[in-house]
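Student: Can you walk me through this protein model? I'd like to go bit by bit.

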Amino acid sequence: MGCAPSIHISESREAYQGGKEAEDAPGPAAPPPPPPPGGPRLPRGPKTAAPPGARGASVSEPQSHDGNGQKVTAASVQFGPMKFHPDQLQVLLVFTKEDNQCTGFCRACEKAGFKCTVTKEAEAVLACFLAKHHDIIIIDHRNPRQLDAAALCRSIRSSKFSENTVIIGVVRRVDREESSVMPLIAAGFTRRYVENPSLMACYNELLQLEFGEVRSQLKLRACNSVFTALEKSQEAIEIISEDHIIQYANPAFGTTMGYESGELIGKELAEVPINEKKADLLDTINSCIKMGKEWQGIYYAKNGDNVQQNVKIIPVIGQGGKIRHYVSIIRVCNGNNKAEKIAEYVQSDTPADNQSSKHKDKRKSSLDVRSIGARASEVSSQRRHSSMARIHSMTTEAPITKAINIINAAQENSPMVVTEALDRVLEILRSTELYSPQFGAKDDDPHANDLVGGLMSDGLRRLSGNEYVLSTKSLQQVHSSVITPSSLHDVPPRIARAMENEDYWDFNIFELEAATQKRPLIYLGLRIFARFGICEFLNCSETTLRSWLQVIEANYHSSNPYHNSTHSADVLHATAYFLCRERVKQTLDPVDVVAALIAATIHDVDHPGRTNSFLCNAGSELALLYNDTAVLESHHAALAFQLTTRDDKCNIFKNMERNDYRTLRLAIIDMVLATEMTKHFEHVNKFVNSVNKPLAALEENEETDEEEEVLHTMLRTPENRTLIKRMLIKCADVSNPCRPREQCIEWTARISEEYFSQMFSVLQTDEEKQRDLPVVMPVFDRNTCSIPKSQISFIDYFITGMFDAWDAFADLPELLQHLDNNFKYWKGLDDMKLRSLRPPDDLEWPVPELAESTTQVMPFN
């Protein structure tokens, strides 16, 4: 099939000039070449190479002229990471007669270096296009009676090869009002050209087409190869819009996730079941990718298979610098070779991973893993294996293993100095306590050694047959002689006055303790719980809440100098104060607030006045029950729920829905367990790395509404909310050094007394000596201990870093000021070689501003 004899082809790359139009073009004019005998026709073979010195450019290296007549070599086209060199553009002119407009486009093509074909017969157009696949077709739309341009355009568009072809309609210049271009667009035209036979007008039009519509169509045409690769890929790939609408999913994705072809396209991501924790998973994904970061995690198939699908979600930045698409890449699990999965995982390109892929599962030796991996069409059938095979095929590689593999790979081509440094890094990473700092022994600071060692361990050794019974008494009952309010409106005036400023940080809990006869928890609890609407959330009456507070307070040991209900009330007050900070309010949900207040109330219930280390060393019943792990904290949480649920009169949870209760219970337990000191540095470092650092990075730039939303989303992920709640209760639990100085000194006196063992019973250090138990903190001997040194060590090692991190999040300058003042106070005492809480009255202070704190505070007994 060929073009009709009426078609004229011009292959010269030089513009011929003559007549009036010659004045419009720069450079010398030349007469147009005469048509060959018999009329113009298409060439029957390739054009011979031009001789040296010829003015034409070769087809393989198309050239065009700039405005000064200089030849310019066509540049390559960059399309993302893809780079290609376009062929010489081909233009098809459809004119019923060769008038000035047709000649203008012919000469413009010559000037631009395009191949130009002219046809006068409509019947030959489609056949010519199918033979050459022109990039641009220009159709004369000025004479509908001679040429039905719209019908011709529709016939061209009916061919699948015209998808990336630019079709221009030449229309008449009219003096009347402009007509709509919609009929042209509906017929399939790309744009219109108002007749203008000027060479430069035609030339400029072609240039605009080349670098506009044609260049765009070239890029779209290149997408076909990309989609072919996607369709044949064994990796499951999904593309989602910025509005979380699924735009594309390749066959491997549907097979992997258990969907039929076309079932996903057009659906919102939230409508697609991912796993049983879809909402939390989507929150986590969104918080990560909205910041332009990749997310990695696990999906599960729709059909319920428990095979892990390793997922990588990559945000794609588009117009305006905004995220326009999200690409999900899922490792297709064929269930035959765990090592192969690790090697082919999207981020496992390390030599260590590739090496591991050489080992095959012998139980699957009858299957050709590589042949299976080579054909995407067989993925579906290979996923239908037995449950036992799924168990053996699951990828269980931990994040730390991935990090170690990456470091191992980096060592291979690194200098010796770097390799040795990475060896030390690997040694550290293989430690079981990544978040716990290693404290070197300091002979000159036994207070720090004993304090850190005592608080950061669960016991030095285990003693068989030498058990210590925590308490021989049954659970405390509420006695009728205890002063209790019938409601918030039935509070004695003295107690009401003591609670007037309970919403301020400088609130004095000791005044309330004295006014309530050492029962401050019930009064402060009723006030704070009412302020936060806890009864409304729990759907319980104030009477039930009051009964619950009575039971909880009764099971705190009033004989303990420190761990009593006053400490619980103090932690509750600090928790309520933190919950009112603006960023905390914006981050936590109502259930988090309720969990925090309840956890603060119960966090030390039935505390015996002894540390976990002592109970573990003594082989106590609690230590045996909780396997020497977070012994007291586990006991506090378990006992609190026992006390609450055993009697409907004090069961504040009795009216909650089961799922809501489970969520609340887990949150309370998590917060109580977070007060255990062996995990102190783990909690703080996770908070810094997951909350503080991303927060600081976002706040460095000027905050826009979009960045504010990203920040809010990042903070509100379930993982980050958990870290925030843990940090909140930890800071509330040990906030004594951040209290006003007189309160700080009083709390120091109480914790020292508990360590020294006074108040009618033999407590930790003395009893350890009597029973030949290992002494956990020997420096806390009442005769030799320096209280200032112990406080300096406690602030240095545990308090300063934690409250700096908490202040960066919650904005608490007042607390840091108190902390600084109190540290200076203890340092001043230590510099004077004093071991007591206060200096002698006749001793002159080296720091004048600290002298105001020498007055006595009320005794705790």
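Tutor: We'll start with the whole chain and then look at single residues and pairs. Keep in mind that this is a predicted model.

Student: OK, how many helices and strands are in the protein chain?

Tutor: The protein chain has 34 helices and 15 strands.

Student: And what share of the residues counts as buried?

Tutor: Of its 861 residues, 50% count as buried. The accessible surface of the chain is about 41700 Å². Carbon and sulfur atoms account for 51% of that surface.

Student: What about contacts along the sequence?

Tutor: Take the contacts between residues at least 6 apart in sequence. Of these, 70% join residues at least 24 apart.

Student: Let's zoom in. Where is M499?

Tutor: M499 sits in the loop between helix 16 (493–498) and helix 17 (509–515).

Student: Buried or exposed?

Tutor: M499 is buried. Its relative accessible area is 1%, and the cut-off for buried is under 20%.

Student: What does M499 touch?

Tutor: Leaving out residues up to four places away in sequence, M499 touches V491, F507, L512, Y523, L524 and R527.

Student: And how far is M499 from I509 in space?

Tutor: Their C-alpha atoms are 8.6 Å apart, and the two residues are ten apart in sequence.

Student: New topic: salt bridges. How many are there in the whole structure?

Tutor: A search finds 21 salt bridges. One of them joins the side chains of R142 and D99, at 2.5 Å from N to O.

Student: Which parts does that pair tie together?

Tutor: R142 is in the loop between strand 8 (136–140) and helix 3 (149–157). D99 is in the loop between strand 6 (90–94) and helix 1 (100–112). So the pair ties together parts that are 43 residues apart in sequence.

Student: Are those two buried or exposed?

Tutor: R142 is buried, at 10% relative accessible area. D99 also counts as buried, at 19%. The cut-off is under 20%, so D99 falls on the buried side.

Student: Give me another pair.

Tutor: R838 forms a salt bridge with E742, and their closest N and O atoms are 3.0 Å apart. This pair links distant parts of the chain, 96 residues apart. R838 is in the segment after helix 34 (813–831), while E742 is in helix 31 (residues 741–756).

Student: How covered are they?

Tutor: R838 counts as buried at 11% relative accessibility. E742 counts as partly exposed at 23%.

Student: Which residues are linked in a network of salt bridges?

Tutor: D589, D592, R716, R721 and K725 are linked that way.

Student: On to strands. How do strand 9 and strand 10 run?

Tutor: They run parallel, joined by four bridges. In strand 10, Y193 is the bridge partner of V170. The chain goes from strand 9 through helix 4 to strand 10, and this β-α-β crossover is right-handed.

Student: What lies between strand 9 and helix 4?

Tutor: A loop lies between strand 9 (166–171) and helix 4 (182–187), and V181 is in it. V181 is partly exposed, at 31% relative accessible area. Together with M182 and I185, V181 makes a nonpolar surface patch of about 260 Å².

Student: And how do strand 11 and strand 15 run?

Tutor: Strand 11 (residues 236–241) and strand 15 run antiparallel, with six bridges between them. Strand 15 (residues 323–330) is mostly covered, with six of its eight residues buried.

Student: Last one: what about the phi angles?

Tutor: Most residues other than glycine have a negative phi. Q517 is not a glycine, yet its phi is positive, about 55 degrees. Q517 lies in the loop between helix 17 and helix 18 (520–531). Q517 is exposed, at 56% relative accessible area.

Terms used: Residues numbered from 1 in each chain as written. Predicted model: local features only at pLDDT ≥ 70, side-chain atom pairs only at ≥ 80, totals over all residues. Heavy atoms only, no water. Helix = DSSP H or I, 4+ residues; strand = E, 2+ residues; numbered from the N terminus. Buried < 20%, exposed > 50% of the residue type's maximum accessible area, 1.4 Å probe, protein only. Contact = heavy atoms within 4.5 Å. Patch = residues over 30% accessible without salt bridge, like charges linked within 9 Å, V, L, I, M, F, W, Y side chains within 5 Å. Areas by Shrake-Rupley, 256 points an atom, 1.4 Å probe, with all protein chains shown as cover. Salt bridge = Lys/Arg side-chain N within 4 Å of Asp/Glu carboxyl O. Pairing = 2+ DSSP bridges. Right-handed = clockwise from strand over helix to strand, strands pointing away.
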